[in-house]
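Please look over the model shown below before reading on.

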Amino acid sequence: MRKWMGLILGTVMGCSAMAQTGVLNLYSARHYPTDEALYSDFTKATGIKINRVDSDDAGILARLKTEGSASPADVILLVDAARLWKGEVEGLFLPVQSKILESAVPAQLRAKPADAGGTAWFGLSTRARVVVYDKLKVPRPEVDTYEKLAEPQNKGRLCIRSGSHPYNLSLFGAMTEHLGPAKTELWLKGLVDNMARSPKGGDTDQIKAVASGECAVAVTNTYYLARLMRSSNPAEKALLDRVGVVFPNQASWGTHINIAGGAVARYSKNTESAVKFLEYLVSPEAQNHFANGNNEWPVVPGLKLDNPALKSMTGGAFKSELLPISAVGMNQIKVQQMLDRVGFK
Ligand code: FE
């Protein structure tokens, strides 16, 4: 808070900064209405208006490519590490230097520093990729690691969205770091052998399939679970009656986490304001709002998170993997080739 207040004051009182009205063009894959208030607070504090273009991660990257140097984009917000990495290697982001961002965002949750200095993207919130299971059919110890999902006891039980979806590419990219490529490919083959049905739908559909008894085990990001837990619709809440949640690998490397993150667009004409906006998003106030609004965790260490759904899921805290998230992105081409070889749709 203090850091950001200092920034606001600096902006209000500094002579050059007074002229900082204007517009920031934000390309965002965050489609969460709760972010709205955040953007208006930024505008109130700085006079800088946010003009938002909504699309999904792939749509935004494609658009930036097509627009090239004519792109009006200033800030990019995406919701997956592999996509952020892709934007970086395709040269769509402008690496930036910011003491505020570097001290707020742990090193493993941002891009590796560019050769010329600067960082191409920063994680802004984290989500965990967890296992859900049918409490009526599955003993919890049979699904408490990612490795076990490929073991014979889970034959015919598993539901999971497409292997090529970024959330899974990132999970499998992390597994490649933990197990090495050969063991990971065997593991992927084991997942395919254990599937209750061919991959289809999003994460919520997998939770629903466990609730209905079609599948006994599934994989989902935590915020989809938290959304159901906090739903005002009793039928949605009831979906979770027989669904158990496991944060896998607590006894080994920890549960896989992914990030939502931000970058400055390569051809931004407002880089100073763009950096300021990213800095604003790591202020404690923004972090809480930003993460909590979509039931995620802040990236800034030590912030208290007041989210009953996340608390009830974890019992307070959990062990998350500490891989550099950029390595996860780097593995995605290798992972896609493995998926093709083992017939993981
Ligand atoms: Fe999602």
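## Serine 28 and its surroundings

Leaving aside residues up to four places away in sequence, serine 28 touches Tyr39, Arg52, Val53, Asp54, Ser55, Ile60 and Leu77, where contact means heavy atoms within 4.5 Å. Serine 28 sits in strand β1 (residues 22-28); helices (H or I, at least four residues) and strands (E, at least two) are DSSP runs, numbered from the N terminus. Because its relative accessibility is 0%, serine 28 counts as buried, a term that means under 20% relative accessible area, with exposed meaning over 50% and partly exposed the range in between (1.4 Å probe, protein chains only).

This is a predicted model, in which local features need pLDDT of at least 70 and side-chain atom pairs count only at pLDDT 80 or more, while totals for chains, interfaces and linings use all residues. Residues are numbered from 1 along each chain as its sequence is written, and side-chain values use heavy atoms, with hydrogens and water left out.

## Strands β4 and β7

Strand β4 (residues 122-134) pairs with β7 in the antiparallel sense over four bridges; two strands are taken to pair if DSSP finds at least two bridges between them. Within this pairing, aspartate 134 stands opposite valine 243 in β7. Strand β7 (residues 243-246) is covered on both faces, with Val243 and Val245 buried on one side and Gly244 and Val246 buried on the other.

Aspartate 134, which lies in strand β4, counts as buried because its relative accessibility is 0%. Not counting residues up to four places away in sequence, aspartate 134 touches Val210, Gly213, Ala216 and Arg242.

In helix α12 (residues 284-293), the buried residues are Ala286, Gln287, Phe290, Ala291 and Asn292. An α-helix has 3.6 residues a turn, so residues three or four places apart point the same way. The buried residues of α12 are covered by elements that include α2 (36-46), β4, α11 (271-281) and β9. After α12 comes asparagine 295, which has a positive phi near 55°.

Proline 152, by contrast, is found in the loop between β4 and β5 (158-159), and its relative accessibility of 70% is why proline 152 counts as exposed. Proline 152 and glycine 190 are 38 residues apart along the chain, and their C-alpha atoms are separated by 8.1 Å.

The domain assignment gives the chain domain 1 (2-125 + 257-313) and domain 2 (128-255 + 321-342), with bounds that come from an automatic or database domain assignment. Taken over C-alpha atoms, the centres of domain 1 and domain 2 are 28 Å apart, and 26 residues of domain 1 are in contact with 23 residues of domain 2.

Where does the second largest pocket lie? Domain 1 and domain 2 both give residues to its lining, so the second largest pocket lies between them. On a 1 Å grid over the protein atoms alone, a pocket is an open set of points with protein on both sides within 12 Å along at least five of seven lines, a cavity is a set of points where a 1.4 Å probe fits but cannot get out, and lining residues have an atom within 4 Å of a point. The second largest pocket has a volume of about 220 Å³, and of the 14 residues that line it, Asp56, Asp57, Val79, His165 and Tyr167 are the closest to its centre. At least two lining residues come from each of α3 (57-67), α6 (166-179) and α9 (222-229), and α9 gives the most, with three.

The largest pocket holds about 490 Å³ of space, a volume being the space filled by probe spheres set on grid points that are joined across faces, edges and corners. Its lining has 24 residues, of which Thr126, Trp297, Pro298, Phe318 and Ser320 lie nearest the centre. The elements that give two or more residues to this lining are β9 (297-298) and α13 (308-314), and α13 supplies the largest share, three residues.

One cavity of 30 Å³ or more is present in the structure. The largest cavity has about 30 Å³ of space and is lined by Leu109, Ile257, Glu321, Leu323, Ile325 and Val328.
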